[in-house]
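Student: Hi! Could we walk through this one together, starting with what counts as buried or exposed?
Tutor: Happy to, let's get it on screen.
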Amino acid sequence: MSFSEKTRNIYNQQINEIKEGGLFKQERFIHSPQDANIEVEFPEGSRLKNVINMCSNNYLGLSSHPDVLKAAHEGLDRRGYGMSSVRFICGTQDIHHELEKKVTEFLDTEDTILFPSCMDANAGVFEAILTDEDVMISDRLVHASIIDGIRLCSAEHDTFKHSNMDHLEKKLQLHEDKRLKMVITDGVFSMDGDTAHLDEMAALCEKYDAMLFVDDSHASGFIGKTGRGTHEKYGVMDKVDIITTTFGKALGGASGGCVSGRKQLVEMCRQKARPYLFSNTIAPVVVSGVVKVLDILSKTTERRDKLEKNADYWRKGLTEAGFILKEGDTPIVPVMLFNANLAQNFSKDLYEEGIYAIGFFFPVVPKGQARIRTQISAGHEIHHLDAALEAFVKVGRKYDILGKTKQEIIEKYGM
Amino acid sequence: MDEDIKKIVLDYVIEEYLEDEDEKITYDTPLISGGIVDSFSMVSLKRFLEKKYQISIPDDEATPEAFDSVNSITELVEKYIKED
């Protein structure tokens, strides 16, 4: 037996350390389709509870949309269940090519390549297009999948302070002698809900001859006037060289991702990106669903407009009730509680009130910045938001934090 | 130890890595093991020192241990200034 007592003990100890550090993650089983209301079994074995979901990435409410389900059913019937091959052997169908073209049109880029997930897109893209003669300069708060991709790439890596353009410029000057330079950022930062200032970043990239990379996973489909993403919001549709994004959030929420951008960069991914070369791509049933999602979003901005209104309503309600929010104008609305225990207890009490929203604390966010991250959806109706607000106010009163300053909350509960 | 180099390294670390103005560090504060500088961000510090002092620090000497305090960084810089 190779899994000896000694080996077992090492792992048990590591798992205990995770538990003792308050970092143990537990799944909650959902017995219904993803929606504004869900049926949850938590803890395991307990009776199902109907709760309002305030923490999903189902920004446009398309995860269970009848037209998307119908398209997925048709895709399953016409193109089967699995491909049993990677793309370049016999794993590419006409609908994969069709989806790539549709994404290119939707994002207004030159070309697109699908990946099994955006995690895979970010893991594979840098290594495929940069070498040890080049440099990657990333915002210090970029998503974990970008960090992993950077680790796999031989190019030099440097960082700039979050959204600090002066610091970014200094870094571009420091690395001016590199063959290729790439500035890397998230479009919308998922923990704070703020957006990267792509207009200023694009100007700096032009000045110093650097490429601009944006992960728009928390933006594609709803940020910008017609929902094309952060590059639309900042009026730089033609100035972003690479966009990576996911179909696992607003765009139907199933799975899959892509790299979209300059033709040559996409071609390099097709030749060299390892998650593309050595893994099956997105299943036909999902591809068919995403194609429908893009059709819906290209015809009308109704859903992103509703999302914007819902997010404004939610922010206004929480602010008037006396909560401290992270400033922003996206559907990610973090309610700041600062103390990790308070965030955990607050989340538990919300659940008792029928509201599903999760507390985030160190190391996911900096120490003393614990929060409940709420995410608004076009699937929410005003009555959902009113019910959620009522629960937040009730729990807020219990902990006596309404109308209190950051200093007062920290004095009461600690950092 | 060269006080000028120490001061320059300290100022650079404060300017480059500290986000909070209230945060204070000294010549001995553990930077990497203390979570102030992540090992990724060491790259810019190394590059800054190499450009500033016209030296080349080999990658195998640029360890997290050697970059863990202003004092240890200064020692490393002085070693290569002398070698040059």
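Tutor: Here, buried means under 20% relative accessible area, exposed means over 50%, and partly exposed is in between. Keep in mind that this is a predicted model.
Student: Okay, so is A:F3 buried, exposed or partly exposed?
Tutor: A:F3 has a relative accessible area of 38%, so A:F3 counts as partly exposed. Its place is in the segment before helix 1 (5-20) of chain A.
Student: Switching topic, how is chain A divided into domains?
Tutor: Domain 1 takes in 28-57 + 302-413, and domain 2 covers 66-299. The contact takes 17 residues from domain 1 of chain A and 17 residues from domain 2 of chain A.
Student: What area do domain 1 and domain 2 of chain A bury between them?
Tutor: About 1,300 Å², with 57% of it on carbon and sulfur atoms. On the domain 1 side of chain A, the residues losing the most area to domain 2 are A:N57, A:R304 and A:I332, together 40% of what that side buries.
Student: And how many salt bridges across that interface of domain 1 and domain 2 of chain A?
Tutor: The rule finds two salt bridges there. Over all chains, a search of the whole structure finds 32 salt bridges.
Student: Which side chain meets A:E100 in a salt bridge?
Tutor: That is A:R270, at 3.3 Å, N to O. A:E100 lies in helix 4 (residues 94-107) of chain A and A:R270 in helix 10 (residues 263-272) of chain A, so this pair ties together parts that are 170 residues apart in sequence. A:E100 is buried, as its relative accessible area is 4%.
Student: What about A:E169, which residue forms a salt bridge with it?
Tutor: A:K207, with the closest N and O atoms 2.7 Å apart. Since A:E169 lies in helix 7 (residues 165-174) and A:K207 in helix 8 (residues 198-207), both of chain A, the pair ties together parts that are 38 residues apart in sequence.
Student: Are A:E169 and A:K207 buried or exposed?
Tutor: A:E169 is buried, with a relative accessible area of 18%, whereas A:K207 counts as exposed at 55% relative accessibility.

Conventions
Residues numbered from 1 in each chain as written. Chains lettered and ligands numbered in written order. Predicted model: local features only at pLDDT ≥ 70, side-chain atom pairs only at ≥ 80, totals over all residues. Heavy atoms only, no water. Helix = DSSP H or I, 4+ residues; strand = E, 2+ residues; numbered from the N terminus. Buried < 20%, exposed > 50% of the residue type's maximum accessible area, 1.4 Å probe, protein only. Domains from an automatic or database assignment. Contact = heavy atoms within 4.5 Å. Buried area = accessible area lost by both parts, 1.4 Å probe. Salt bridge = Lys/Arg side-chain N within 4 Å of Asp/Glu carboxyl O.
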